Amino acid sequence: MKVEHPDEIPVVVLAGGRGLGKSAVLAEVWEAYTERNRRGEARRRTPVALVDCEDEQFARLPHAENPESWSPVWQALLVVAEQLTEPVKAAGQLTFPRLTAGLVAVRASDWSGRTDSERIQRELVRILLLNERASRFSMAGRWAARVAARVIGAGAASGQGPYVAAAVETLLEALSEGFTHHREQKPSQWYRTYPNAGGNARRGLLLLAGNFRAGGTSREHAERRLVRALLADLTEAYSGLGSHLRRLGRPIVLLDNARSGPGPGLLDAVLRDRAEGAADQVVCVATVRGTDLPLSLGSARAGGTPMALEDAVRRELPEVARATEWEPGSSPSSRALLVPLSPLSPDETLHMVGAACDDIEIPPQLPHATHRLTGGNPLGIVLLATAARQHPDQAASLGRLLTAGIRLEEGQADGPPAYGELLRRLVPADRLDELTVLAAAHDHDSAVALAAAHLPDDFGSSGVRSLRVRLAEEGLPAAPGHFVGDPFVRTLLLLRLHHRDADHSGWREVHETLIRHYAQPDGEGAPDPARARYRLSHELALGNTANAVAHLRDTFPVLDTRTWLDTLCFLASAPYFHAHDDEGRDATGHDDRRAAIALGRTDASHRPPEGVDALLHLRIRRLLHAVWQVTDPLVLPDPRVCGRLEFELLQLSDLRPAGGALLFATSQAWPRDARAGRPLRTPADDGSDDGDGEA
């Protein structure tokens, strides 16, 4: 098989928001290099390490260690090396003499004067096992235990400096003696080249430990050296006489959520070393949230400088199926290949839902409605399909599926509602409550108004700004007209807001706050159309349709037709959670009154206001409820309502000669989009199907 980049391969960075399958891709790579024997025992075909940089072990110090001698990068290097030393089919076991020496030197300063010798022994043995070859003829850990005892015994209790020096000296002696293979003697030579070591390996390791303890940029330098030690050990294992016969392929390091914890430090070190000409044998694949360049990897450490992938080569996923056409530049970030993961298509959604529900009957519109709601988010599709399989009687409504309890494992009782499980995986857990409130906001000012009324006093405007930055880093940037830009996540958050209180009081209070915020101030002259649209949409969310109908009725004869249609679509995008009374409480269970109104079944009982065109009023009222129903992402479009939508628009086209062509074209396009589960598009004025954007 021809290798596209035999000399240097890119660091592959899979990018995208939560739920797009980045972690699943890494898991598939992990499994691809694993095979199982007849007894089901797993065995690697090549060394593979998989690290979740958001794992708890990288978030804080284990036990009571001194922060001067520990960091997330140090911990991650230990974990990566441990996984790479696991037995591999038909290949010798990897050892890490350079990394072992460096890790021990850094940690030794924390052992000075400590009385818990058993824990020190366990920690030291864990590190030394990175340099011990397993053998069927020897007890595992014998060499590591012996060397650990020597190192601890040599430590002096009279101060940190002598203890570290004694530990380093003893370790170097052990690595040079007959306990290990000749390759494990390499640290005595490799650390001689450490800056200012003067050709002395012992001094090089002491300088490494001192730089690490100093923190800041000195620690970053030391951590880069530790990463280089890992890569040098791997390079040596995959080079030399006969290595190509013993080891196939390359070692693989998979870093999930690499914008957190140790991820930035590890990626920064690899990219910079490669840019400086330090070749290595490692296949490195990382995942990050967010897709927009320059993509910052975040600060590796407190006081560290965020690294941006501004020069990374960007390729879409289909483009890299056969070849990447990647060529590195001179900058470190050019050594990265950024591959955004795209949402699934409607056809892929159809296949996924069909596979999950292959033996049960589901509404035929469910797959397309699922794609419209999720936007092709794989996690959302999988959990909704799972909910439909577990609750087929609720599959006629995505809203009911989302509120149904979902079992994530066989035999498990009903777990949390599906929307709760989705939010747990799609938004930052530490900001869920704030996002639940701010999901109703449209911009910074409205978010600040909500924060002032419903969040702690210390959140304020700065909290809103910080949260907006956080969302962008998570791959959830704001969108025009919405503080939470992702429609799927926003719908889930609003659903949570609605169900947070039994009487929906929180839901009602949030929308009432925004109604007051967008009210036209006294004495400001002509009404602001933008403020009016926002105010009316929040009135609709509380079930008050009178003002929205009146606004659309009164502006229909005078407003530009395209603007009027856009306003209609915007108002109809207001969330709807079944019927409520005037106080916002549940009125008729889960009945959806919009279809009945759209089909004219309530015309006889509805009295238009005095002095208005009653026929136009009723037509606009039916049309608003029809668009509201067919565009609701939580329900399946009603074919009867789609037909009524077409009829009402056709009738309106006869009332506006100047805008008749656009209204006629819209009467054909909108029902077709609704039936296919697509957002409604306002077509071109000439009546063609090539719309000029979504309404």
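R289 is buried, with a relative accessible area of 11% (buried means under 20%, exposed over 50%, partly exposed in between; 1.4 Å probe, protein chains only). This is a predicted model: local features need pLDDT of at least 70, side-chain atom pairs count only at pLDDT 80 or more, and totals for chains, interfaces and linings use all residues. Residues are numbered from 1 along each chain as its sequence is written, and side-chain values use heavy atoms, leaving out hydrogens and water.

**Salt bridges**

- The whole structure has 34 salt bridges (a side-chain nitrogen of Lys or Arg within 4 Å of a carboxyl oxygen of Asp or Glu).
- R289 pairs with E54, the closest N and O atoms lying 2.9 Å apart.
- E54 sits in the loop between β4 (48-52) and α2, and R289 in the loop between β6 (283-288) and β7 (313-314), so the pair ties together parts 235 residues apart in sequence. Helices (H or I, at least four residues) and strands (E, at least two) are DSSP runs, numbered from the N terminus.
- E54 is partly exposed, at 34% relative accessible area.
- R622 and D603 form a salt bridge at 2.5 Å, N to O. Both residues are buried.
- Shared partners join R18, E54, R289, D430, R470 and E474 into one network.

**Helix α16**

- E421 and R425 form a salt bridge, with closest N and O atoms 2.8 Å apart.
- The two are four residues apart in helix α16 (residues 418-426), about one helical turn.
- E421 is buried at 4% relative accessibility, while R425 is partly exposed at 32%.
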